[in-house]
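The following note concerns the model shown below.

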Protein chains: 2
Amino acid sequence: MPDSVESALHCTWLLAQQPATALPARRLAEFHGLPQAYLSKILKLLTRADVLRAVPGTGGGYRLARDPEQITVLDILTAVQGDGPMFRCRELRQRGPVPLPVEACRRPCGIAAVMHRAEQAWRQELAATTLADLHGHAATASIGRARRWLEALPTANG
Amino acid sequence: MPDSVESALHCTWLLAQQPATALPARRLAEFHGLPQAYLSKILKLLTRADVLRAVPGTGGGYRLARDPEQITVLDILTAVQGDGPMFRCRELRQRGPVPLPVEACRRPCGIAAVMHRAEQAWRQELAATTLADLHGHAATASIGRARRWLEALPTANG
DNA sequence: GCGACTTTACTCGGATAACTGCTGTCCGAGTGACCGGGG
DNA sequence: CCCCGGTCACTCGGACAGCAGTTATCCGAGTAAAGTCGC
Ligand code: FES
Ligand code: FES
């Protein structure tokens, strides 16, 4: 699994701490210690998938497109990795010197069925967890460090 | 997910039809319509993981290392893809201008916990399915085509 | 002092290289079967 | 007819290229804010 998934999850989690304001890619990269340009690409993908909303101009950045309770971890993974299933049945049963006729291949084969069932369980676990749940179960130390850094920003706050 | 997984599953499934005799890589590649050399690599990995047993010499090939009831789909995936978890926590919380102290990172972070939980569900589904189960739930057409080809082999049978 | 215009700096967006892992391929070492010769 | 040695073809095993997806990077279009000038 690509590492970009972790970056996307961390950024969305951090944005969930302040759903109102928007943070630019430069700040998020600085906070997470990641290359700014590449993280920009990831945030781009999240924006295309309607997980984040981009705010252009000075003082702009990215903010959550919906409430944290309505953004699941599966949405983030789908945005970064694509919505296609990780296991793809290549229909090997129709190849070789003794191929199976197409009319007998309407139903998915047993191997694909098992794979899809396991993947479905995986997706269900991910879809059952929202950003709000992550915030609720997060360690106090993590929330503390995030809040500390957010309040120390040179933004036009009070 | 790499396509080699499907090849490995199909080969092991076919070998489960005849646990006694051994089939060479050439025959398996011919049956599945796959490149012989690459499939040899996959079978090599399965042999290293003690899923298959290699029989050298003329008339040799690969046979199952254990009974089909004791070989799970997870074993095959682990053999091909490696036993490492697909999601790897890079410890981003320890990076950046406000890093979390190491003493506070003994427990896995919330993101990694969710990911590992989902992956555990996935693994559980795969570990609960054996090659014998695949044979039991397979379509009669698939079993028929396999048996037909196996009996038509030029092997030194009766 | 107030408003409008200009300039500025900052933001996202898409298009463009370098790198790792999967895919595909090759040839050598080892083994069992097969064939020929001798007893 | 049976046993032995030699030859052979077939097998796996590890080492070697090619391509795709991920990672990393750059610069241009667009925008909101700030600064500046005139009234
Ligand atoms: S034919 Fe290979 S997984 Fe369906
Ligand atoms: S610190 Fe990123 S997933 Fe654990």
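1. A residue is taken as near a strand if one of its heavy atoms lies within 4 Å of it. Of the atoms of DNA strand D within 4 Å of the protein, 63% are sugar or phosphate atoms, and the rest belong to bases.

2. The model is predicted: local features need pLDDT of at least 70, side-chain atom pairs count only at pLDDT 80 or more, and totals for chains, interfaces and linings use all residues. Residues are numbered from 1 along each chain as its sequence is written, chains are lettered from A in the order in which they are written, and side-chain values use heavy atoms, with hydrogens and water left out.

3. Around DNA strand D there are 20 residues, of which A:D3, A:Y38, A:K41, B:K44 and B:Y62 come nearest. By class, this surface has nine nonpolar, six polar and five charged residues; Tyr counts as nonpolar, Asp and Lys as charged.

4. At least two residues of the surface near DNA strand D come from each of α3 (36-48) of chain A, α3 (36-48) of chain B and β2 (61-64) of chain B. Helices (H or I, at least four residues) and strands (E, at least two) are DSSP runs, numbered from the N terminus.

5. Polar contacts are pairs of N or O atoms within 3.5 Å. A side-chain N or O atom of A:K41 is 2.8 Å from a base nitrogen of DNA strand D. The backbone is represented by B:A25, where an N or O atom lies 3.4 Å from a phosphate oxygen of DNA strand D.

Terms used
Polar contact = N/O pair within 3.5 Å; in protein donor to acceptor, adjacent residues only side chain to side chain.
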